[in-house]
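Here is a short briefing on one chain. Look over its sequence and fold before reading the points below.

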Amino acid sequence: MTKVKNAPNTGDLKAPDYTEYSSWIEYWETENSRLLLLDWNKWLYKCPKCGGLFAWSKFDGAHVIKVYSIDSKKYILPLCQGCNRGKDETPFDIDNNLLLPMPNKK
Ligand SMILES: [Zn+2]
């Protein structure tokens, strides 16, 4: 497990400036599968931060940073819109393999 938190002030980091994709969640899906977050009983996806179950369309590709780490890179992680769009920077634990490094600007 890795402890991460929402990176502040990332609203102006637009996926098309960094990737071939129109959204960060699309970019995340180039290396990962949404099935990693699927609740097979309910056919909804589990937000790794709040644990809530939502349709995939309710997820954003959030920017997170590791806490208690010398690694200061930003990573893309799917979070529900409620968890992504608020200002909450409470650290939370996630599976390390859900993190996709944010690329450099094109
Ligand atoms: Zn959430």
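Of the chain's 106 residues, 25% count as buried. The model is predicted. Its radius of gyration is 13 Å, which agrees with the value near 13 Å for a compact globule of 106 residues.

**Overall shape and contacts**
- Along the principal axes, the C-alpha atoms fill a box of roughly 40 × 30 × 25 Å.
- Take the contacts between residues at least 6 apart in sequence: 65% of them join residues at least 24 apart.

**Secondary structure**
- The chain holds two helices and eight strands.
- Their order along the sequence is β-α-β-β-β-β-β-α-β-β.

**Strand pairing**
- Strands β5 and β6 run antiparallel and are joined by seven bridges.
- In this pairing, F59 stands opposite C80 of β6.
- Strand β1, residues 2-6, also runs antiparallel to β5, with three bridges between them.
- Here N6 stands opposite V64 of β5.

**Nonpolar core**
- In soluble globular proteins, nonpolar side chains tend to be buried together.
- The largest nonpolar core in this chain has 19 residues.
- Within that core, Y75, I76, L77 and L79 touch the most other members.
- Two or more core residues come from each of α1 (24-31), β5 (59-66) and β6 (74-80).
- Strand β6 gives the largest share, five residues.
- Leaving aside residues up to four places away in sequence, L77 touches V4, P48, A62, V64, I94, L98 and L99.
- V64, one of these contacts of L77, is also the residue opposite N6.

Key:
Residues numbered from 1 in each chain as written. Predicted model: local features only at pLDDT ≥ 70, side-chain atom pairs only at ≥ 80, totals over all residues. Core = buried A, V, L, I, M, F, W, Y, C linked by C-beta atoms within 7 Å. Buried ≥ 20, exposed ≤ 12 C-beta atoms within 10 Å, placed from the backbone. Helix = DSSP H or I, 4+ residues; strand = E, 2+ residues; numbered from the N terminus. Contact = placed C-beta atoms within 7 Å. Pairing = 2+ DSSP bridges. Rg over C-alpha atoms; globule rule 2.2 N^0.38 Å.
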